[in-house]
Amino acid sequence: MKRIKVFALVLILYCALSCFTYMKMFDSNTFQLYRLSRQIYQHDFPIQGNTTWRKQPTEMNCHPKKIDMSKEKRPVTALLSFPGSGNTWTRHLIEYTSGIATGSVYCDPTLKPVFIGECQVRDVIVIKSHERENDWVKFEKAIVLIRSPYRSIISFFNYNNARNRHKGIAPKAVFDRNFGDFSMTYIHDWLTYNLKWLQFKGPTFVLIYEELLQNTVIELKKLNDFLNVTVSDNTYSCLLKNIEGGYRRSYKSLNGTFNPMQYYTGHINKTVENAITKVEKMIAHVTGNNHNIERFTSVFK
């Protein structure tokens, strides 16, 4: 009888311990699912630094993304930006999430292998343009992509002076010789371009590049709503695995040899700051919200 009681007691303890362990595992998995769903549905995406949860949905459920020309009539929508403002990267984000090709008023042979809608203004979801005047395409809607002139002018300078126009960096000697005059010329162009298109007569979406960079999924969901595109949460999760695309310029190769921001000094800085203030005021007038364009920083990344 004692042996039976001892055995029963051991069995009860074993069952209790097993149930406790199972409940702990269940609670842990439930918490992880809750955390992931909260990140997706409440836009609490830890874009920078956190790779743990990012791997779970992408590695299991992601497949190569197929991009097609639009199969339905869509509003003729411009993707407008001053050169060097991240237009190419934004096209990548739009295509990956929507599955629809983006077009361009240009025909860049280096982009044609990546964007099937390059050179096209029909059957695409948006049309890239850096032009201040538009006489050949009648836009019905507009996305105005604005990047800090401190960054966009450096990017445009590299585009004009590096061997690889989309990804390369101009030599320091070229910065030393030409950047001062270049920046003073193009800060005026940056200002007039953005002021003009912020007054577009039609539905307009103002997209700040730095906000897109910092909170990619949040801003992209707003943009896709404007484009009337429905995107699954899994697609946004998969995007984070391929967020860079193929045409984002990297400055890691500089290895501290020089900092392009060092060329913004004195009167150049003052001119840039005045231009930023004017554009910020226009954005507030158009959108009813304040958006801060990135100011000068000595840190370059």
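**Briefing: a loop residue, ring pairs and a helix crossing**

Asp-123 sits in the loop between β2 (103–104) and β3 (127–129), where strands (E, at least two residues) and helices (H or I, at least four) are DSSP runs numbered from the N terminus. This is a predicted model, where local features need pLDDT of at least 70 and side-chain atom pairs count only at pLDDT 80 or more, while totals for chains, interfaces and linings use all residues. Residues are numbered from 1 along each chain as its sequence is written, and side-chain values use heavy atoms, with hydrogens and water left out.

**Positive phi in loops**

- Asp-123 isn't a glycine, yet has a positive phi of about 60°.
- With a relative accessible area of 48%, Asp-123 is partly exposed (buried is under 20%, exposed over 50%, partly exposed in between, with a 1.4 Å probe and protein chains only).
- Asn-228, another non-glycine, also has a positive phi of about 60°, and its place is the loop between α7 and α8 (233–239).
- Asn-228 is exposed, at 68% relative accessible area.

**Aromatic pairs**

- Rings of Phe, Tyr and Trp (its six-membered ring) pair if their centres lie within 6.5 Å; planes under 30 degrees apart are stacked, over 60 edge-to-face and the rest tilted.
- That rule gives 20 aromatic pairs.
- Take Tyr-150 and Phe-296: their ring centres are 5.6 Å apart with planes at 65°, so they go down as edge-to-face.
- Tyr-150 belongs to helix α4 (residues 149–161) and Phe-296 to the segment after α9 (266–287), so this pair ties together parts 146 residues apart in sequence.
- Tyr-150 is buried, at 0% relative accessible area, whereas Phe-296 is partly exposed at 34%.

**Charges over rings**

- A charge sits over a ring if NZ of Lys or CZ of Arg is within 6 Å of the ring centre and within 35 degrees of the ring normal.
- Arg-91 lies over the face of Phe-115, 4.2 Å from the ring centre.
- Lys-196 has its charged end over the ring of Trp-197, 5.1 Å from the centre.

**α3 against α7**

- Helices α3 (residues 87–98) and α7 (residues 216–226) have axes that come within 11 Å and cross at roughly 70° (axes are lines fitted to C-alpha atoms over the stretch in contact, with angles from 0 to 180 degrees between N-to-C directions).
- α3 and α7 are therefore roughly perpendicular (65 to 115 degrees; under 35 is roughly parallel, over 145 roughly antiparallel, the rest oblique).
- The contact (heavy atoms within 4.5 Å) involves Trp-89, Thr-90, Leu-93, Ile-94 and Thr-97 of α3, plus Thr-216, Leu-220, Leu-223 and Asn-224 of α7.
- The residues of this α3–α7 contact split into five nonpolar, four polar and no charged (Ala, Val, Leu, Ile, Met, Phe, Trp, Tyr, Cys and Pro are nonpolar, Asp, Glu, Lys and Arg charged, and the others, Gly among them, polar).
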